[in-house]
Amino acid sequence: MAKGQPQRRQDTWTPLQNRTESNTKMKLTRCGKIILGILMTVIAAVVIGLIVYFVAYGKTPYYYHISFKVNNIDYDSKFEKSYSQEYMDLNKKIVSLINEIFHGSKLRRQYDKSHIVQVSRAQGKVIIHTVLKFKSCYKNSAAKFGNKIKTILQQKLKGETGSLCIDPSSFKFSDIAMPAAENLLNTCCGQRTVTPSGNKVTGGLDAEEGEWPWQASLQWNSVHRCGATLISNSWLITAAHCFVNDNDPKGWNVSFGLLLSDPQTQRSIKDIIIHENYHYPAHDNDIAVVHLSSPVLYTSNIRRACLPEATYTFPPNSDVVVTGWGTLKSDGTSPNILQKGLVKIIDNKTCNSGKAYGGVITPGMLCAGYLEGRVDACQGDSGGPLVGANSKGIWFLAGIVSWGDECALPNKPGVYTRVTYYRDWIKSKTGL
């Protein structure tokens with residue numbers, strides 16, 4: 001070998017193509033492990049999600065109607081009114097008993113709730129009618145599931161049961177379809193499933209789904225004209241002036257739900273009954289009742305407001321709430337979402353003062369709002385509800401949006417038709 005000639009190193013090496021293939025194999029192996037890990041994580045998450053969904057939502061609701069006679073409770077007509085203390089005490093007693101029965105049974109995980117839906121009379125004693133709701137995963141064994149429930153009730157609802165003396169021979173049990181059952185479970189008036197935490201309203205605010213479940217929209221040719229209040233499955237109450245220009249029931253329809261653009265339920269109208277002594281443009285007797293073409297079924301978001309007795313009072317300065325889809329200011333735009341506003345009852349003497357309405361407020365009218373303005377009903381709210389809650393949180397219809405000088409002006413509060421003043425008229429037309 002010649003001096004100075006560099007010696008070639010005998011390093012081991014791999015051609016470029018082979019190195020690339022080798023590195024690719026290593027990368028594929030690592031990627032495969034990563035992808036497999038991700039897939040396993042995703043599969044585990046899906047399985048857990050399905051289990052959670054199945055446990056929480058996958059259960060099928062089952063409803064049952066039971067009735068039985070209680071020999072040691074005398075019938076009282078006050079049991080017919082779901083807001084009476086007598087009814088509420090009785091319902092609490094029955095629900096507590098049924099809760100105790102099923103919470104101590106093998107069906108405690110399937111039992112959901114129960115509620116008295118009717119109290120009838122038999123030989124001067126009460127027959128209790130109750131709807132029970134269960135949730136079960138076993139869709140193919142409905143009959144067997146129902147028999148288990150019936151057996152448990154038959155064993156427990158007999159003779160001396162706590163403070164009740166139950167006639168076992170009077171016990172009846174049957175299943176009931178979901179729409180009819182939910183209608184019965186939600187039949188109590190003036191109760192809401194949604195109670196927002198903040199009730200202090202300084203101006204109109206968006207309502208929440210189910211917050212004011214008795215609110216309805218009266219629509220002429222499918223365009224919102226007025227508000228209305230659901231007072232039974234078949235009847236609404238509203239203002240007479242809504243029908244001054246158009247009183248043919250065929251052109252009207254009713255929608256229920258939070259959004260005008262997305263109604264939950266709609267109905268056509270069979271009949272419109274306007275107070276006989278209403279004469280436009282006078283404001284007296286501004287009341288009408290609307291008979292639906294077919295009944296609506298109550299749900300958690302569609303319920304009726306309580307009608308107060310003629311003797312019921314809404315004291316001055318007490319809180320009441322007005323709701324509707326009316327304009328946000330005089331000649332302003334109309335919202336799609338239901339609005340709510342907290343206002344105060346103003347006594348008629350104050351409302352009739354010279355700086356307010358100067359003596360035109362009659363006994364059949366009721367004022368609500370603020371003398372400084374701020375919150376008020378407006379155009380398109382006409383016919384809608386003004387409601388107030390009693391000490392038990394049950395909402396009663398105090399007024400019907402009727403009239404006022406523009407909207408939210410100082411010393412010009414909203415004027416409403418006073419529902420208690422027309423209570424007998426309402427009963428004569430609807431039977432309620």
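I start with one such link: Cys 378 and Cys 407 are joined by a disulfide, with an S to S distance of 2.0 Å. Please bear in mind throughout that this is a predicted model. For those new to the subject, a disulfide is a covalent bond between the sulfur atoms of two cysteines.

Which hand does the disulfide of Cys 378 and Cys 407 have? The torsion about its S-S bond is about 85 degrees, and the disulfide is therefore right-handed. Where do the two partners lie? Cys 378 is in the loop between S15 and strand S16 (385-389), while Cys 407 is in the loop between strand S17 (395-403) and strand S18 (414-418). The pair therefore ties together parts that are 29 residues apart in sequence. Both Cys 378 and Cys 407 are buried.

Let us turn to another pair. Cys 351 forms a disulfide with Cys 367, and their sulfur atoms are 2.0 Å apart. Cys 351 belongs to helix H5 (residues 348-351) and Cys 367 to strand S15 (residues 365-369), so that distant parts of the chain, 16 residues apart, are linked. The torsion about the S-S bond of Cys 351 and Cys 367 is -85 degrees, and this link is left-handed. Cys 351 and Cys 367 are both buried.

The next pair is Cys 226 and Cys 242, joined by a disulfide with an S to S distance of 2.1 Å. Cys 226 sits in strand S8 (residues 223-230), and Cys 242 in the loop between strand S9 (235-238) and strand S10 (252-256); the pair therefore connects parts that are 16 residues apart in sequence. With -105 degrees about the S-S bond, the link of Cys 226 and Cys 242 is left-handed. Are these two cysteines buried or exposed? A residue counts as buried under 20% relative accessible area. Cys 226, at 5% relative accessibility, is therefore buried, and Cys 242, at 8%, is buried because of that cut-off too.

How many disulfides does the structure hold? There are four. Counting the bonded cysteines along the chain, they follow the pattern 1-4, 2-3, 5-6, 7-8.

I now return to strands S8 and S9. They run antiparallel and are joined by two bridges, and a hairpin of four residues connects S8 to S9. Within this pairing, Leu 230 stands opposite Leu 236 in S9. S9 is also joined to strand S12 (residues 288-292) by four bridges, again in an antiparallel arrangement. Here Ile 237 stands opposite Val 289 in S12.

What covers the picture of S9 is its two faces. In a regular strand the side chains alternate between the two faces of the sheet. In S9, Trp 235 and Ile 237 are on one side, Leu 236 and Thr 238 are on the other, and all are buried.

Finally, the chain as a whole. The protein chain has six helices and 18 strands. Of its 432 residues, 46% are buried. The chain exposes about 22,800 Å², of which carbon and sulfur atoms supply 53%. Among its contacts with a separation of 6 or more, 69% are between residues 24 or more positions apart. Thank you for your attention.

Notes
Residues are numbered from 1 along each chain as its sequence is written. This is a predicted model: local features need pLDDT of at least 70, side-chain atom pairs count only at pLDDT 80 or more; totals for chains, interfaces and linings use all residues. Side-chain values use heavy atoms; hydrogens and water are left out. A disulfide is a pair of cysteine sulfur atoms within 2.5 Å. Buried means under 20% relative accessible area, exposed over 50%, partly exposed in between (1.4 Å probe, protein chains only). Two strands pair if DSSP finds at least two bridges between them. Contact means heavy atoms within 4.5 Å. Accessible areas come from the Shrake-Rupley method with a 1.4 Å probe; for residues, only the protein chains shown count as cover.
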